[in-house]
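This report covers nonpolar packing and backbone details. Please keep the model in view while reading.

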Amino acid sequence: MTRDRLDAHFAQYDLGGDEKEIAIPERSSHPTHNQKLEDAAHVQQMRHDRNDAGNEAQSISSSLSTEPQSSKQHGIVVKHDLFDINEVFQETPEPDRKLSLEQRFVAYGREREWDIGEEASFVPFKSYWPTYESMTPSQLRWYFYWRGEVREERYPDTDLSYIFLYIYELINGIGWIQAMDGYRLLLRIWEAYQKRYQKLNAYLPEWVTDFKVVHRLDVPFQDIVDRTPRGLGGLLLEMELMSAFRKEPLEVSWRSLRKLSDYDAEKSKFYQQEGKAALESYAPRALALVDRYFSKTQGMRLIDKYRPVTRNRKKFLFRSTVYDESMYGDLTDIDVMEITSCTKLRKFVTELIRGVENELREQMGFRGRLRNIKLEQEIARLVHKFVEREYAAQEAENNRIVVEIDSTKLKQLQQDSDQVRELLTIEEEMNLAESTPQLSFSIPHARVDTEQLELRFDEHGREELMVVSASFSDTARESHSITQAVEEEHPVSELNVANTREPVDLFSYKPESIEEPQHKDKLSSEWEELLSLLQPMHTEALQLLVQGESVSALVPVAMKYGSMADLLVDDLNSLAMECIGDLLVDGDQLLAEYVADCRKMLGN
């Protein structure tokens, strides 16, 4: 409000015609209420005579025909001007409190939140701020049918206004129970239609970010970055970079990294001719490697080393949407590191990108080099080793012979092999049955009872006894003879049991040659301590080394964790020195004397 509206001021009273003869009352006099009404009525009557007041004067004079009990009861308000002359007019009644457009949108959306529309025909619909109220019945029928298809992850062609209305529903909490489900639905509708409607890429990055903020969702910012073709800008870029620099390992996209650099690498001949893919891949990974190097050697990461200024920023929520502000408010406070404004960090990133490009130029045989690259000697050496080794590993991977297997032919070969194996098995069984003699013998006297099995043989007038302790559930029958046909060409000689002197317990007997299984040797305290300090990347590296692989085979593992093979080896040796007092890896291989211990530690 301006100052002139706050200060005391006077209203002008336009005098003309018969009003000139009206006497100005003295301020000391205080006319009664009836007198004031009469004076006001006289003024209005004169205006009516001059046709200046029109129908308004007639309504006022009719309102004055009866004496009111109170001006408030009849809606009459008396205003005083400079001359203490009263104007009387009918007070406009206060309108009933009504729902806003956004609140009506949410209320109707809640009513039909889980409606499943019947199959309907597409009806065009174009609206700047689409709502249910702006749709015809046929458009509503199509919308609820289309929304049902979208919820089943089917995405028919439709107009952009229908898509925006569905997004407004999700923003206002319609169509989901858990906030994480609403977040996923926003990403799905964005990804499904962004190729058909590029306009979605202009709005959804900010709306999805707002949804993430108001619901405090712990989700990676990379979800939004990956779906934004041209990258983010402004406050969203600062939020992305802050999230990326805090992540372990550091993970920043090329599109965002180049906005942190004063050197536009995309304008260089190397990038435009043959180095685009390589630079976009190597530069972000080199930054992650340097961040980890500083963390290991100096105990601080890049974000701690350069300390960008943190400021509190106010952000409007869900701008340009039909959004009920009573749900989450219209503004939110966000503490943001102004990373793009940090001069020292920008300078470092600029030189790092130039350094990576120079190393790639050398590896790829590109003519010309960038000059005056200002990187610390240790960082330059680290970048050189990183690019050299990674590029060599990539070239080896590209030159590897790839064998493609026809699954149809492989299945046919397996069936043929099974048939041949089955035929050979049948023939072998038939030959075995023809050549194997069938042995049989008879026991003259045999008696079986529930306590023991007693066999008696009468040979040369001597009786030999063999007792076998046994326990049976059923009482055996009387002794019987077991007789089988014996082929004439293979007669069975007499059964000799003369050497059986002592009773033999067949159920408790254990051959001396079978030893009890030995318990696995436990790890020593030093190796147990080493095992407790190993991280997943160290364990994966050791698994390869104990199999006889060289250090160069650790490159994929190092890339997975944003590191280098040499740094992984340094970590392993550092931990080993701390626990067992010796190195594990010397040169390019795991020391032979520790292979067995490492296998035992890893459970191989």
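In this predicted model, the largest nonpolar core has 100 residues, and Trp146, Ile167, Phe245 and Leu287 touch the most other members. A nonpolar core is a set of buried Ala, Val, Leu, Ile, Met, Phe, Trp, Tyr and Cys residues joined through side-chain atoms within 4.5 Å. Buried means under 20% relative accessible area, exposed over 50%, partly exposed in between (1.4 Å probe, protein chains only). Helix α12 (residues 269–298) supplies the largest share of this core, 13 residues. Domain 1 (99–230) and domain 2 (232–396) each give the core at least three residues; the domain bounds come from an automatic or database assignment. Apart from this core lies another, of 28 residues, including Leu530, Val569, Leu572 and Val585.

Leucine 287 has contacts (heavy atoms within 4.5 Å) beyond its neighbours within four places in sequence: Phe245, Leu250, Val252, Leu257, Leu302, Phe348, Val349 and Leu352.

Now the backbone. Glutamate 248 and proline 249 are joined by a cis peptide bond, with omega about 0°. Proline 249 sits in the loop between α10 (234–246) and α11 (254–258). Helices are DSSP runs (H or I, at least four residues), numbered from the N terminus.

Two residues other than glycine have positive phi:

Residues are numbered from 1 along each chain as its sequence is written. Local features need pLDDT of at least 70, side-chain atom pairs count only at pLDDT 80 or more, totals for chains, interfaces and linings use all residues, and side-chain values use heavy atoms, leaving out hydrogens and water.

How values were computed:
Helix = DSSP H or I, 4+ residues; strand = E, 2+ residues; numbered from the N terminus.
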